[in-house]
Amino acid sequence: MKVTFVGSGGYIVTADRSCPSILVDGELLLDCGFGALKNLRTLNVSLKDLKKLLLTHHHADHVGDLVGLLWAMAMEGRDKPLEVWGPEGTDRLTMDLLEYMNTPPEYTVIKINFRNLAGGETLNGVKVLKAIHKPVNLAYRIERNGKSLCYSGDTSYCEQLISLASKCNLLIHDAVFLDEQREIAVLTNHSTAGEAGRVARAAGVEKLVLFHILPFNRAFEAELLKQAKREFDGEILIVKDLEVLEV
Ligand SMILES: [Zn+2]
Ligand SMILES: [Zn+2]
């Protein structure tokens with residue numbers, strides 16, 4: 001499984017980090033945050049080969065480039081349908097955004113197969129779990145060719161993620177805050193680095209990526225790693241945009 005971190009940041013785009021977006025084997029995209037499309041271009045990803053877009057939730061930093069992606073696909077004459085999965089209302093959000101952004105009718109010819117998910121589903125090798133965030137956030141576990149990846153999306157510490165991520169090869173987990181910022185983590189429905197480490201340890205995963213690194217936490221990357229390491233003794237990484245992991 002080839003995992004490409006298209007966008008590794010969160011909330012806002014900075015010079016070196018776009019918002020969350022992760023590409024699996026060149027055909028499955030998890031989230032499409034601000035800046036994702038430019039990075040897909042930089043990576044020379046063929047948009048024609050993208051089969052499925054899984055959205056964790058409807059915060060702008062996770063769906064900000066959705067319309068741009070669909071415009072690009074339409075302009076390039078995509079004729080294959082695109083699967084777009086996400087929480088309840090994903091179909092409405094997408095169609096409303098296209099409409100409000102005055103998408104020319106000829107751009108909307110691309111066929112989108114929507115699937116609104118509630119959490120609890122298992123579909124075509126993808127397991128879905130409702131994590132803890134506002135608005136509703138879905139965590140995904142993806143199995144391909146004997147390898148497994150679990151992506152939490154945005155979430156507070158979530159006990160059920162432990163079984164979703166059980167023994168997976170790669171866990172990509174929200175680690176927005178330092179442990180001493182736990183109060184604000186709870187308030188904003190995000191996790192601390194230590195909590196990400198706890199989930200990784202309890203789930204017995206092989207490798208953990210601390211994800212959704214905010215601009216104001218850049219100076220604390222070493223500290224985030226240290227706090228996660230206190231909980232989990234497997235491999236822990238903080239990745240940059242365009243970085244590729246072979247799982
Ligand atoms: Zn976010
Ligand atoms: Zn969010």
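Helices (H or I, at least four residues) and strands (E, at least two) are DSSP runs, numbered from the N terminus. The model is predicted: local features need pLDDT of at least 70 and side-chain atom pairs count only at pLDDT 80 or more, while totals for chains, interfaces and linings use all residues. Residues are numbered from 1 along each chain as its sequence is written, and chains are lettered from A and ligands numbered from 1 in the order in which they are written.

View 1. Ile142 counts as buried because it has 24 C-beta neighbours inside 10 Å; the cut-off for buried is 20 or more other C-beta atoms within 10 Å, against 12 or fewer for exposed and values in between for partly exposed, with C-beta atoms placed from the backbone. Beyond residues up to four places away in sequence, Ile142 touches Val24, Gly125, Val126, Ser148 and Leu149 (contact: C-beta atoms, placed from the backbone, within 7 Å). Asn124 lies 18 residues from Ile142 in sequence, with a C-alpha to C-alpha separation of 9.0 Å.

**View 2. The hairpin of E7 and E8, and the pairing of E8 with E9.** Strands E7 (residues 122-123) and E8 (residues 126-130) are antiparallel and share two bridges; strands pair if DSSP finds at least two bridges between them. Leu123 has Val126 of E8 as its bridge partner. Two residues separate the strands of this hairpin, and Asn124 in the turn has a positive phi of about 45 degrees. E8 also runs antiparallel to E9, joined by five bridges, with Val128 opposite Tyr140.

**View 3. An open sheet of seven strands with mixed pairing.** The strand order is E6-E5-E4-E3-E2-E1-E14. Strands E6 (112-117) and E14 (244-246) are at the edges with a single partner strand each, so one side of each has no neighbour in the sheet. From one strand to the next the twist averages 20 degrees (axes are lines fitted to C-alpha atoms, for helices over the stretch in contact, and angles run from 0 to 180 degrees between N-to-C directions). Within this sheet, E2 (residues 21-24) and E3 (residues 28-30) are antiparallel and joined by three bridges; Ile22 stands opposite Leu30.

**View 4. The largest nonpolar core, with 65 residues.** Such a core is a set of buried Ala, Val, Leu, Ile, Met, Phe, Trp, Tyr and Cys residues joined through C-beta atoms within 7 Å. Ile22, Ala139, Ala165, Leu171, Leu208, Leu210 and Ala228 touch the most other members. Helix H7 (residues 193-203) contributes the most to this core, with five residues.

Definitions and conventions:
Contact = placed C-beta atoms within 7 Å.
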